[in-house]
Amino acid sequence: MSANDLKKLSPEQIEAFGKEMDALRARVVADLGERDAEYIRGVVSLQKKLEVAGRGLLFLGFLPPAWLGGVAALSLSKIIDNMEIGHNVMHGQYDWMQDPALTSKNFEWDNTIHGDSWLYTHNYIHHTFTNVVGKDHDATGYGVMRVTDETPWHPIWLLNPVFAALLQTLFQWGTAIQELESEKIIRGEKSWAEAKEGFARFRDKAGKQALKDYVIFPLLSGPGAPFTFAGNAAANLVRNLWASSVIFCGHFPEEVQTFSIEETQDESHAGWYYRQILGSANFTGGHWVNVLSGNLSYQIEHHLFPDIPAFRYAEMAVEVREICDRYGIDYHEASMARQLGSVWKKIFRYSLPDELPLINKLPFVGKRAAAKKATVTPLATAESKRELVGAAS
């Protein structure tokens, strides 16, 4: 039984907790400066060198060592570009530097999802309505997985592990079409006309990305085109599997809670902080795991402070843990392997019908226990999407 099952915060405690989070954030913002600028510029430099090395080696891809080295370097380049640079820059973490190349509204990454789509689906929807079922598309498995009791069981969910594996394999394409909410179109809850603008953004960005990776660079390789094509595909696969594993570990482990729309109506900012703690999980792994995950190994801190440079999360986590301990809030953290194992256990469990009496006795399932939700003060809704996207980023 977790601390959250034993103790719920009163409204007064939630507000006091929120003030401590605000104070922590203010101290870090006041300290931002050259150290942060040097860090992100160093990461950008590393990413560019890895990309040049990877693409150069793939031109010699007919030599097995060169092909393997090219895939490794290009995979690392794409991971760093997406996780530690793109994701964090597009959150506005470095807008204060006033560097056009590191500004949230200007940045486009080596990925199939359009920047504008990301700012809306991720910065606004996900970070405002974190784990609110019916609001946050991530909370219910992106519409292609069953990961909560709120999604009714259907025989199609027997394929839940297959859907999860496909999502991980094609992760950049899954996030690219997330704005379309294609599962609603399939169910007839949304028309193609309503998805027209989002589809245009997807077609524009995904088309350019596919052209670059699967046409232009292979053609530049001349006779080595097949090796470059295969190397680019392999690097994209490695990036997809890694990025999706990072996201899964921060959002879907057993302890992570979801919330109803009713629970979060009229939510104060302090209540929003409280919900981020209950709806997130961290994983451990050392310095390079932090860098390659975009410091989303500190997913709790990222949900609390999405616009703070992510490499600051490790030092902020020390104080966040201490504050959570004082308030009796469970701080979810485990190794990456353990968190990912927890997620896959949940994926298999939710593939099966809820009511079968023998389900809980299966070794990979364990006892089914509905996660108790915290009582939080409700969530403020936005007058304008544009206004909230700007605020979130």
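Here is a quick briefing on the chain shown above, from its overall make-up down to a few single residues.

This is a predicted model, so local features need pLDDT of at least 70, side-chain atom pairs count only at pLDDT 80 or more, and totals for chains, interfaces and linings use all residues. Residues are numbered from 1 along each chain as its sequence is written, and side-chain values use heavy atoms, with hydrogens and water left out.

**The whole chain**
- You'll find 16 helices and two strands here; helices (H or I, at least four residues) and strands (E, at least two) are DSSP runs, numbered from the N terminus.
- The chain has 393 residues, and 53% of them count as buried (buried is under 20% relative accessible area, exposed is over 50%, and partly exposed is in between, with a 1.4 Å probe and protein chains only).
- Take the contacts (heavy atoms within 4.5 Å) between residues at least 6 apart in sequence: 72% of them join residues at least 24 apart.

- Helix H5 (residues 115-128) is mostly covered, with 12 of its 14 residues buried; among them are Trp118, Leu119, Tyr124 and Ile125.
- Helix H15 (residues 336-349) reaches 20 Å from its first C-alpha to its last, close to the 20 Å expected at 1.5 Å a residue (the expected span is 1.5 Å times one less than the number of residues).
- The buried residues of H15 include Met336, Val343 and Ile347, and its buried residues pack against helix H6 (160-169), helix H10 (225-251), strand E1 (282-284) and strand E2 (333-335).

**Empty space**
- Rolling a probe the size of a water molecule over the atoms shows where empty space is left.
- On a 1 Å grid over the protein atoms alone, a cavity is a set of points where a 1.4 Å probe fits but cannot get out, while a pocket is an open set with protein on both sides within 12 Å along at least five of seven lines; lining residues have an atom within 4 Å of a point.
- The largest pocket has a volume of about 840 Å³ (grid points are joined across faces, edges and corners, and a volume is the space filled by probe spheres set on the points).
- Of the 28 residues lining the largest pocket, the closest to its centre are His137, Tyr142, Gly143, Val144 and Glu183.
- Helix H8 gives the most to that pocket lining, with four residues.
- The structure holds one cavity of 30 Å³ or more, and the largest cavity has a volume of about 260 Å³.
- That cavity is lined by 21 residues, with Trp109, Trp118, Phe171, Thr175 and Ile247 nearest its centre, and H10 supplies the largest share, five residues.

**Residues to look up**
- Asn290 lies in helix H12 (residues 287-292) and is buried, with a relative accessible area of 13%.
- The side chain of Asn290 makes a polar contact with the side chain of Ser297 (2.7 Å); a polar contact is a pair of N or O atoms within 3.5 Å, where within protein one must be able to donate a hydrogen and the other to accept it, and residues adjacent in sequence count only if both atoms are side-chain atoms.
- Asn295 sits in the loop between H12 and helix H13 (299-304), has a positive phi of about 60° although it is not a glycine, and counts as buried at 4% relative accessibility.
- Asp266, in the loop between H10 and helix H11 (269-278), has a positive phi near 60°, and Asp266 counts as exposed at 69% relative accessibility.
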